[in-house]
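Here are my notes for someone meeting this structure for the first time. Have a look at the model, then read the points in order.

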Amino acid sequence: WQTVCDDRLVFDSPKLADLRDIWNVVRGGREMPRREDFTARILGRHLQNLSFVERTVDGGERRFRFRLFGSALARYIGDSTGKYLEEVVPPQFAASWYATYDLAIDTRKPLRFVSRFRAAELEHVQAECLVAPLAGESGTPWGLLVSVVYSPVVV
């Protein structure tokens with residue numbers, strides 16, 4: 001799948017632009033907002049397209065676990081709440097997902113990704129994503145707030 005990373009955060013989707021603004025407001029003067037700062041009230045209309053992804057270290061190996069997986073996302077790959085990335089993503093795509101998630105966490109900045117799918121029944125679908133880092137209680141990286149909006153590709 002062709003994917004483009006854009007750090008300018010200029011979104012086609014008004015929902016993603018709104019979520020970017022919420023992330024910045026919640027962050028305040030800190031480098032990253034904390035996971036606990038985001039409530040259902042704050043995120044209300046975004047929850048169906050949203051995922052919280054926790055980065056864990058298990059036996060020295062880093063992994064990503066979906067702590068919440070929105071219903072709109074589940075339509076495409078099933079409910080992944082509580083599952084690890086390797087349980088959800090086909091092996092040939094796992095490295096690119098890891099690279100995407102690691103980039104946002106390592107830079108400690110939100111990023112915009114746009115992917116055009118090349119798979120059966122998804123040929124004309126594009127995904128625009130906000131991948132934004134979140135801190136834990138201590139202020140160190142905890143994981144990510146990820147939101148995806150799917151739209152048709154105009155041919």
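1. A word on terms before we start: two strands count as paired if DSSP finds at least two bridges between them. Helices (H or I, at least four residues) and strands (E, at least two) are DSSP runs, numbered from the N terminus. Keep in mind that this is a predicted model, where local features need pLDDT of at least 70, side-chain atom pairs count only at pLDDT 80 or more, and totals for chains, interfaces and linings use all residues. Residues are numbered from 1 along each chain as its sequence is written, and side-chain values use heavy atoms, with hydrogens and water left out.

2. Six strands make an open sheet in the order 1-4-5-6-2-3, with antiparallel pairing. Strand 1 (2-6) and strand 3 (61-69) are at the edges with a single partner strand each, so one side of each has no neighbour in the sheet. On average, neighbouring strands are turned by 25 degrees against each other, direction ignored. (Axes are lines fitted to C-alpha atoms, for helices over the stretch in contact, and angles run from 0 to 180 degrees between N-to-C directions.)

3. Now the pairings around strand 5. Strand 4 and strand 5 are antiparallel and share six bridges; Leu111 has Val131 of strand 5 as its bridge partner. Strand 5 and strand 6 also run antiparallel, joined by eleven bridges, and here Ala132 is partnered by Leu145 in strand 6. These two strands form a hairpin with five residues between them, and Gly139 in the turn has a positive phi of about 95 degrees.

4. How enclosed is strand 5, and why? Ten of its eleven residues are buried, so the rest of the structure largely encloses it. For the cut-offs, buried means under 20% relative accessible area, exposed means over 50%, and partly exposed is in between (1.4 Å probe, protein chains only).

5. On to strand 2 (residues 50-58), which pairs with strand 6 (residues 141-152) in the antiparallel sense over five bridges. Phe52 sits opposite Leu145 in strand 6. Helix 1 (residues 14-27) packs on the sheet, touching strand 2, strand 5 (125-135) and strand 6, and its direction makes about 5 degrees with that of strand 5. Helix 5 (residues 91-107) packs on the sheet too, touching strands 1, 2, 3, 4 (111-116), 5 and 6, and its direction makes about 90 degrees with that of strand 3. Contact here means heavy atoms within 4.5 Å.

6. Which residues does Arg62 touch, leaving aside neighbours within four places in sequence? They are Arg55, Thr56, Val57, Tyr98 and Asp102. Arg62 is in strand 3 and is partly exposed at 35% relative accessibility. Its side chain makes a polar contact of 2.5 Å with that of Asp102. (A polar contact is a pair of N or O atoms within 3.5 Å; within protein, one must be able to donate a hydrogen and the other to accept it, and residues adjacent in sequence count only if both atoms are side-chain atoms.) Thr56, in strand 2, is buried, with a relative accessible area of 14%.

7. Last, the charges. A salt bridge is a side-chain nitrogen of Lys or Arg within 4 Å of a carboxyl oxygen of Asp or Glu, and by this rule there are 16. In one of them, Glu31 and Arg108 have their closest N and O atoms 2.9 Å apart. Glu31 is in the loop between helix 1 and helix 2 (40-43), and Arg108 is in the loop between helix 5 and strand 4, so the pair ties together parts 77 residues apart in sequence. Just after helix 5, Arg108 also takes a positive phi of about 60 degrees. Arg30 bridges to Asp37 at 2.7 Å between the closest N and O atoms; Arg30 is partly exposed at 33% relative accessible area, while Asp37 is buried at 17%.
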